[in-house]
Amino acid sequence: MEQLTRVNESGTTVIIVISVNIWYDNKEKQFWQRQSIRSLSDDTLKELMDILANDKEVLRLYHLREMAQIDCNSVMKKAKDEGRAEGRAEGKAEEKIEVARNMKADGESVEKIMRYTGLSKEEIEKLPKIERRTL
């Protein structure tokens, strides 16, 4: 939650509270974000703070919200880390296939290609033939 303090034309202090709610949709397999912005005048804010400061249920809910936000941040970090790891693994697999194609085009033996790339004999034999360009 972000809070901005502004003074309007009449000299009244206005607090603008911006809250962001983020949740994960299991069905859609993606994160969603909703923002809400509220403006509170100085008098309203003082009244609200007096009420909230003495309300144990509000404090409990506030702490639960904070813990939920920490959990959400953790889930998002984990999803990013997993996505990066998956991307690196895909890149390495594509690189092995490209090396194998080039070696095959250069006439290297299947055994040598297996040794250098870690691909199986079947995977190498399935690779399409490519013509090597001579410079």
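Does glutamate 108 count as buried, partly exposed or exposed? At 31% relative accessibility, glutamate 108 counts as partly exposed, where buried means under 20% relative accessible area, exposed means over 50%, and partly exposed lies in between (1.4 Å probe, protein chains only).

This is a predicted model, in which local features need pLDDT of at least 70 and side-chain atom pairs count only at pLDDT 80 or more, while totals for chains, interfaces and linings use all residues. Residues are numbered from 1 along each chain as its sequence is written, and side-chain values use heavy atoms, with hydrogens and water left out.

**Salt bridges**

Side chains of opposite charge can pair when their charged atoms come close. The structure holds 5 salt bridges, a salt bridge being a side-chain nitrogen of Lys or Arg within 4 Å of a carboxyl oxygen of Asp or Glu.

Aspartate 81 and lysine 77 both lie in helix H2, 4 residues apart, which is about one turn of the helix; helices here are DSSP runs (H or I, at least four residues), numbered from the N terminus. Lysine 77 counts as exposed because its relative accessibility is 52%, whereas aspartate 81, at 34%, counts as partly exposed. This pair also belongs to a network of salt bridges that links Lys77, Asp81 and Arg84.

Lysine 78 and glutamate 82 are likewise placed in helix H2, with 4 residues, or about one turn of the helix, between their positions. Lysine 78 has a relative accessibility of 52% and so counts as exposed, while glutamate 82, with a relative accessible area of 46%, is partly exposed.

**Nonpolar patch**

Leu61, Leu64 and Met67 make a nonpolar surface patch of about 270 Å². Patches are made of residues with over 30% relative accessible area and no salt bridge, with nonpolar side chains (Val, Leu, Ile, Met, Phe, Trp, Tyr) joined within 5 Å and like charges within 9 Å; accessible areas come from the Shrake-Rupley method with a 1.4 Å probe, and for residues only the protein chains shown count as cover. Leucine 61 is located in helix H2, which covers residues 56–105, and leucine 61 is partly exposed because its relative accessible area is 43%.

Terms used: Helices (H or I, at least four residues) and strands (E, at least two) are DSSP runs, numbered from the N terminus.
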